[in-house]
Amino acid sequence: MEAVHKFLFAILISAALMVEEATAATQHAVGGSQGWDESTDFSTWASGQKFVVGDQLVFKYTSLHSVVEVGSESAYKSCDISSALNSLNGGNSVVKLTKPGTRYFACGTSGHCGQGMKVKITTVAADASSSTTTTPASSSSSSSSSPTSTSAASVSYRASMATALLVICLSLVSV
């Protein structure tokens, strides 16, 4: 009987680890390996990304730059940062994507936004299975690499399976 309890305990620990892994957020390094810089092609970077509620945007940049979140598409298009929702500096800024919708980011350094240092991010709900629309703007032509995002449907499925396994183990242990 002790061997059965050890086996069930091992399964219980495995299930708990699966739930933790399945619910982990993806961190998107904005601009890939080049980071938040005027030489980065944000269109190329963002074209392969999927942004899901719970994910994080990680902006890495030098003291020459900042990250400004603007509240409307018109402010984004015209690079009007005068009514910013948020302004970040320090070289390593993390923005949590807490709800579905579109958010707009630009560099606060004079002239950089106009040169294409801006990105438009559309976030989908964690349980959405459709593709995310991401429409950044950039006039630079260099490319950058990007991390691969975990599919929201895959994460949801793994979380459901891990939870089911956890429930089965708990019911067997209580017998």
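A disulfide is a pair of cysteine sulfur atoms within 2.5 Å. Before we set off, note that this is a predicted model, in which local features need pLDDT of at least 70, side-chain atom pairs count only at pLDDT 80 or more, and totals for chains, interfaces and linings use all residues. Residues are numbered from 1 along each chain as its sequence is written, and side-chain values use heavy atoms, leaving out hydrogens and water.

Start by selecting cysteine 79 and cysteine 113: they are joined by a disulfide, S to S 2.1 Å. The link is left-handed, with -75° about the S-S bond.

Next, pick cysteine 107. This residue is in no disulfide; the nearest cysteine sulfur, that of cysteine 113, is 8.3 Å away. Cysteine 107 is buried, with a relative accessible area of 2%.

Now for the rings. Select tryptophan 36 and phenylalanine 42, a tilted aromatic pair at 4.9 Å centre to centre and 55° between the planes. Rings of Phe, Tyr and Trp (its six-membered ring) pair if their centres lie within 6.5 Å; planes under 30 degrees apart count as stacked, over 60 as edge-to-face and the rest as tilted. Both tryptophan 36 and phenylalanine 42 are buried.

Phenylalanine 59 and phenylalanine 105 are both buried. With Trp36, Phe42, Phe59 and Phe105 shown together, you have a cluster linked by ring pairs.

Conventions: Buried means under 20% relative accessible area, exposed over 50%, partly exposed in between (1.4 Å probe, protein chains only).
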